[in-house]
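Reader: I'd like to learn how to read a model like this one. Can we go through it feature by feature?

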Amino acid sequence: MAEMADLTVSLSLLLVIVVFSELARRTALYLFPNRNWISYVLELISTFQLCACTHELKLLAEVRGLEPRIALTLTYLISVVHGLSFHGAICNPTGALEKLWRGALTRGCALTRISCQLIAAVAARRVMPHAWALALSDLHAQHSVAGFKCTNSPVNAPLLQAAAVELSCAFVMHTAVSNVEKVEEKYRVPAIAAVITTLVYAGGHLTGAVFNPALALSVQFPCPGHSFAEYSFVYWIGPILGMTGSLLLFDKVIPAISGKRTIPKHLNSNGLKTKKMK
């Protein structure tokens with residue numbers, strides 16, 4: 001019964017985070033519909049939503065010991081919600097770098113988006129303890145007693161192996177996103193959510209399968225067991241190399257062999273027509 005009560009409270013908190021974020025996005029779009037900087041506001045809000053929700057899911061999985069099938073189901077469902085609600089926000093520094101590579105973003109725009117993502121990641125890390133301090137559930141009260149601190153390292157493998165896991169996850173994820181236009185539009189978000197859930201299932205026990213430097217900064221870096229440099233190697237260098245490997249393989253190697261581009265020039269990594277942003 002206690003586990004069900006904790007789950008109910010956590011689901012309610014996730015709903016509050018998503019609804020609050022959506023209201024903030026809609027308000028920003030309504031008040032400033034034609035401003036060039038609105039994309040940065042959406043980046044801040046959406047990345048905050050992603051990180052805050054992940055904090056709560058991580059708490060459920062690691063502290064409450066949520067059953068794996070339930071944890072994976074929640075991962076899939078929240079990934080679908082994120083995909084449907086982000087309004088074009090990237091929420092991942094490697095995604096911004098990919099768009100820069102493809103010419104969909106200028107250098108200044110990509111750098112600003114990455115900065116927004118990192119700021120939102122830190123903001124989520126600082127805001128969530130205030131929500132947990134309300135002790136709305138036994139889980140939150142237990143976490144409050146522990147000082148809202150992560151007690152174990154998320155890296156459960158040698159650093160090279162852990163970095164390889166994050167690299168592989170990023171490679172698969174960027175490859176899937178880059179080819180998602182081949183899927184019927186209404187199935188694209190569920191398809192990407194399925195890829196994310198599969199990667200979490202495959203690599204979650206080794207690194208958490210984050211493959212997102214901003215998200216890792218928010219939920220993994222505060223944990224003990226490794227230094228900032230070691231976490232950076234696993235959660236920043238790994239995904240960047242994975243993204244780079246995907247781009248080189250599908251934009252350079254395969255086209256050089258086949259004589260055809262794997263991704264049309266007029267499409268970005270989400271399968272939409274590109275428009276260079278400043």
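Reader: Where is Phe-211 placed?

Author: Phe-211 sits in the loop between α8 and α9; helices here are DSSP runs (H or I, at least four residues), numbered from the N terminus. This is a predicted model, where local features need pLDDT of at least 70, side-chain atom pairs count only at pLDDT 80 or more, and totals for chains, interfaces and linings use all residues. Residues are numbered from 1 along each chain as its sequence is written, and side-chain values use heavy atoms, with hydrogens and water left out.

Reader: What is phi of Phe-211?

Author: Phi of Phe-211 is near 40°, a positive value in a residue other than glycine. Ala-209, found in the loop between α8 (185-207) and α9 (213-219), also isn't a glycine and has a positive phi of about 50°.

Reader: Is Phe-211 buried or exposed?

Author: Buried means under 20% relative accessible area, exposed over 50%, and partly exposed in between (1.4 Å probe, protein chains only). Phe-211 counts as buried because its relative accessible area is 8%. Ala-209 is buried too, at 5%.

Reader: Next, salt bridges. How many does the rule give?

Author: The rule asks for a side-chain nitrogen of Lys or Arg within 4 Å of a carboxyl oxygen of Asp or Glu. That gives seven salt bridges. One of them pairs Glu-22 with Arg-26, with the closest N and O atoms 2.9 Å apart. These two are four residues apart in helix α1, so about one helical turn separates them. Glu-22 is buried at 16% relative accessibility, while Arg-26 is exposed at 53%.

Reader: Which parts does the Glu-43 and Arg-113 pair tie together?

Author: Glu-43 and Arg-113 meet in a salt bridge at 2.8 Å, N to O. Glu-43 is in helix α2 and Arg-113 in helix α5, so the pair ties together parts 70 residues apart in sequence. Both residues are buried.

Author: Asp-251 and Arg-102 form another salt bridge, their closest N and O atoms being 2.8 Å apart. Asp-251 lies in helix α10 (residues 228-258) and Arg-102 in helix α4 (residues 93-102), so this pair links parts 149 residues apart in sequence. Asp-251 is buried at 14% relative accessibility, and Arg-102 is buried at 17%.

Reader: Which residues do salt bridges with shared partners join into one network?

Author: Glu-22, Arg-25 and Arg-26.
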